[in-house]
Amino acid sequence: MGQHVAIILPHPDDEAFGCSGTILEFREKDIPVTYFCGTLGEMGRNMGSPFFANRETLPEIRKEELQDACKELDINLEMLGYRDKTLEFEDRTEVAKDLKQRLEEINPSLVITFYPGHAVHPDHDAMGAAAIKAVEMMDESKRPEVWAKAITHNRRELLGEPDIVRDVEDYFEGKMRAIEAHRSQAEGMMKQFRDSPNLKEINSEGRKLLKYEEFYKWTF
Amino acid sequence: METIQIDHVQKALEDLAHKDVYIHLETTNGAYARHFDSNAYNVGAFIRNAQVKYTQAKIIGHESYRVGLKTQLGWIYAEGLTDWELDDQGRLLMAGHDNEGRLMVALEISETPFK
């Protein structure tokens, strides 16, 4: 267990769906957690029915939701200010340099990010790649451990069993509160799990994704 | 946003004609389309703050609308628009949403750059 955990993910709600059980467990042990959130999810599609947002009001709404979720999880928040869906087109070295500087300020013992190439959304892949590059650029003696989250359907086939599988059942209520803090996202995402054409498979995977938080340890 | 009323939108479009305006145009089926349905394809296009001047604008359709802008050097159009709003900054926002309120297409016109 680390002494300061850095979470590096691109969208408000990635932390809630992806690793909030793990975050809650760290916080229970009084380990500080800082969330470096890449964008404000400006390009989210869910505007509600009836509408609660339009393309121009969505960023501010999601920013407030993000702040609420971080309060719920009791973690520090740093917003990186990139724009949703453009992260992969940024200069990766520049993004990594900025991250490295921010990481050196908190000197984390653990970084949690997405597994590049196995994270489905282009922003996920790009954020994960930049985070890993940032850690790689650090002095070897100061490098934190990196846990990478893979969410592709074929991850086990290609990457093998995850190194870390955490059953977060005990933190499930807190996790659901963090997910629900992202009001604009929670409903749409949960419905997508329910309505998917690959219904049975996805549903069981959806539940498993929430009950178990899996990570691959990155080797440099 | 509210359901498009064609006369109101036509007037708003004409009010912004012959002016230097900034355009936001996007269409998307979401970054997870293929993840949730292996038969689907992720497609999308996005331009923000393209500066243009259009000389002619029309909205055409029934329930779901098309908007075409004839610019000095070419064209801009969007299809599938269902809702609109003139926001508190005087920007003309138009978007097409599916039955669950998910944005599929957006065309927005502003006299000042979008943030």
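Predicted model: local features only at pLDDT ≥ 70, side-chain atom pairs only at ≥ 80, totals over all residues.
**View 1. Two neighbouring strands of chain B pair in the antiparallel sense.**
Strand 8 of chain B covers residues 92–97, and strand 9 of chain B covers residues 103–110. Six bridges join the two strands. As background, strands of a sheet pair through backbone hydrogen bonds, either parallel or antiparallel.

**View 2. Six strands of chain B form an open sheet.**
Follow the strands across the sheet in the order 1-7-8-9-2-3, with antiparallel pairing. Strand 1 (2–3) and strand 3 (44–52) of chain B stand at the edges. Each of these two has a single partner strand, so one side of each is left without a neighbour in the sheet.

**View 3. B:Leu107 is a buried residue of strand 9 in chain B.**
Why does B:Leu107 count as buried? A residue is buried if 20 or more other C-beta atoms lie within 10 Å of its own, and B:Leu107 has 26 of them within that distance. Leaving aside neighbours within four places in sequence, its contacts are B:Leu25, B:Val67, B:Ala78, B:Leu81 and B:Met94. Now find B:Ile76: B:Leu107 and B:Ile76 are 31 residues apart in sequence, yet their C-alpha atoms are 9.4 Å apart in space.

**View 4. Chain B as a whole has two helices and nine strands.**
Starting at the N terminus, you can trace the elements as β-α-β-α-β-β-β-β-β-β-β. The C-alpha trace spans about 45 × 25 × 25 Å along its principal axes. With 115 residues, a compact globule would have a radius of gyration near 13 Å, and the 14 Å of chain B agrees with this. Buried residues make up 30% of the chain. Among contacts in chain B between residues at least 6 apart in sequence, 52% join residues at least 24 apart.

**View 5. The largest nonpolar core has 49 residues.**
Which residues have the most contacts inside this core? They are A:Ile7, A:Ile8 and A:Ala131. Helix 4 of chain A (residues 122–137) gives the most to the core, with eight residues. Apart from it lies another core, of 26 residues, including B:Tyr54, B:Leu69, B:Val105 and B:Leu107. In soluble globular proteins, nonpolar side chains tend to be buried together.

**View 6. A:Ile7 touches residues from several places along chain A.**
Not counting residues up to four places away in sequence, A:Ile7 touches A:Glu15, A:Cys19, A:Ile23, A:Val33, A:Tyr35, A:Phe36 and A:Ile112. Around it, chain A has eight helices and seven strands. Of its 220 residues, 45% count as buried. Among the contacts in chain A with a separation of 6 or more, 80% come from residues 24 or more positions apart.

**View 7. Chain A and chain B meet through residues from both chains.**
How many residues does the contact take from each chain? Chain B gives 20 residues and chain A gives 19 residues. On the side of chain B that touches chain A, the elements giving two or more residues are strand 2 (21–28), helix 2 (33–36), strand 8 and strand 9. By class, this side of chain B has eight nonpolar, six polar and six charged residues.

Terms used
Residues numbered from 1 in each chain as written. Chains lettered and ligands numbered in written order. Core = buried A, V, L, I, M, F, W, Y, C linked by C-beta atoms within 7 Å. Buried ≥ 20, exposed ≤ 12 C-beta atoms within 10 Å, placed from the backbone. Helix = DSSP H or I, 4+ residues; strand = E, 2+ residues; numbered from the N terminus. Contact = placed C-beta atoms within 7 Å. Pairing = 2+ DSSP bridges. Rg over C-alpha atoms; globule rule 2.2 N^0.38 Å. Nonpolar A, V, L, I, M, F, W, Y, C, P; charged D, E, K, R; others polar.
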